[in-house]
Amino acid sequence: MNLDEKVPLMVFDDKCYVCIQFAKFVNYISKGRLRMIGHYSELGGVIRDNFLDDDALEMFWLIDKSTAFGGRAALIPLISTIFNLRGSNENQVSIQESCDIGCKDSLAVFFRSASLITHSRKISLKNI
């Protein structure tokens, strides 16, 4: 699979309330110019299987032409990408909330937010 025409893109957990809210925020500040892919979508599964590692579901990912940044390692590249995006908002998507009430309680929000700080990965895509 070739990602060149699809990057930069953000892969997020589309079954987690906190992750969905974060993706909506990123989509808003990027004015819909950043491609958003859910972990549990068909394309998200292909990306996980071909480019990411086993703990891919534990964090969000920002993927560019040469690197996949996960979790904490993705924050600075995400901000940089948002400010450097050019073009139209052809990638704008409607991000659907698909979680049950269990993922909206304060404990779940705390643990998922804490995972952003504790998880960090960087995968080179040059050899893939």
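The structure described here is a predicted model.

## Overall build

The protein has four helices and five strands. Read from the N terminus on, these elements follow the order β-α-β-α-β-β-α-α-β. Of the 128 residues in the protein, 41% are buried. Among the contacts with a separation of 6 or more, 74% are accounted for by residues 24 or more positions apart.

## The sheet

The five strands form an open sheet in the order β2-β1-β3-β4-β5, with mixed pairing. Because β2 and β5 stand at the edges and each has a single partner strand, one side of each is left without a neighbour in the sheet. On average, neighbouring strands are turned by 20° against each other, direction ignored. Strands of a sheet pair through backbone hydrogen bonds, in either the parallel or the antiparallel sense. The strand pairs of this sheet are set out below.

| Strand pair | Sense | Bridges |
|---|---|---|
| β1 and β2 | parallel | four bridges |
| β1 and β3 | antiparallel | three bridges |
| β3 and β4 | antiparallel | three bridges |
| β4 and β5 | antiparallel | five bridges |

L62 stands opposite F69 in β4. A68 has I123 as its bridge partner in β5.

β1, helix α1 (residues 17-29) and β2 make a right-handed β-α-β unit. β3 and β4 form a hairpin, with three residues between them. β4 itself is mostly covered, as five of its five residues are buried.

Within α2, the residues G44, G45, I47, R48 and F51 are buried. The cover over the buried residues of α2 includes β1, β2 (35-38), β3 and β5 (120-124).

Helix α3 (residues 75-84) lies across β1, β3 and β4 (67-71). The angle at which α3 runs to β3 is about 50°.

## The nonpolar cores

In soluble globular proteins, nonpolar side chains tend to be buried together. Which residues touch the most other members of the largest nonpolar core? They are L9, I47, L52, W61 and I63, in a core of 15 residues. β1, α2 (42-51) and β3 (61-63) each supply at least two residues of this core. Another core lies apart from it; this one has 14 residues, including I20, A23, L34 and A74.

Neighbours within four places in sequence being left aside, W61 is in contact with L9, M10, V11, H39, L52, D53, A56, A68, F69, G70, R121 and I123. L9 and L52, both in this list of contacts, are also among the residues that touch the most other members of the largest core.

Is E5 buried or exposed? E5 counts as exposed because its relative accessibility is 52%. E5 lies in the segment before β1 (9-12). K65 is 60 residues from E5 in sequence, and the two are 9.1 Å apart in space, C-alpha to C-alpha.

F111 has its place in helix α4 (residues 106-118). With a relative accessible area of 52%, F111 is exposed. The C-alpha atoms of F111 and V18 are separated by 9.9 Å, and these residues are 93 residues apart along the chain.

Key
Residues numbered from 1 in each chain as written. Predicted model: local features only at pLDDT ≥ 70, side-chain atom pairs only at ≥ 80, totals over all residues. Heavy atoms only, no water. Buried < 20%, exposed > 50% of the residue type's maximum accessible area, 1.4 Å probe, protein only. Core = buried A, V, L, I, M, F, W, Y, C linked by side-chain atoms within 4.5 Å. Contact = heavy atoms within 4.5 Å. Pairing = 2+ DSSP bridges. Axes fitted to C-alpha atoms, helices over the stretch in contact; angles between N-to-C directions. Right-handed = clockwise from strand over helix to strand, strands pointing away.
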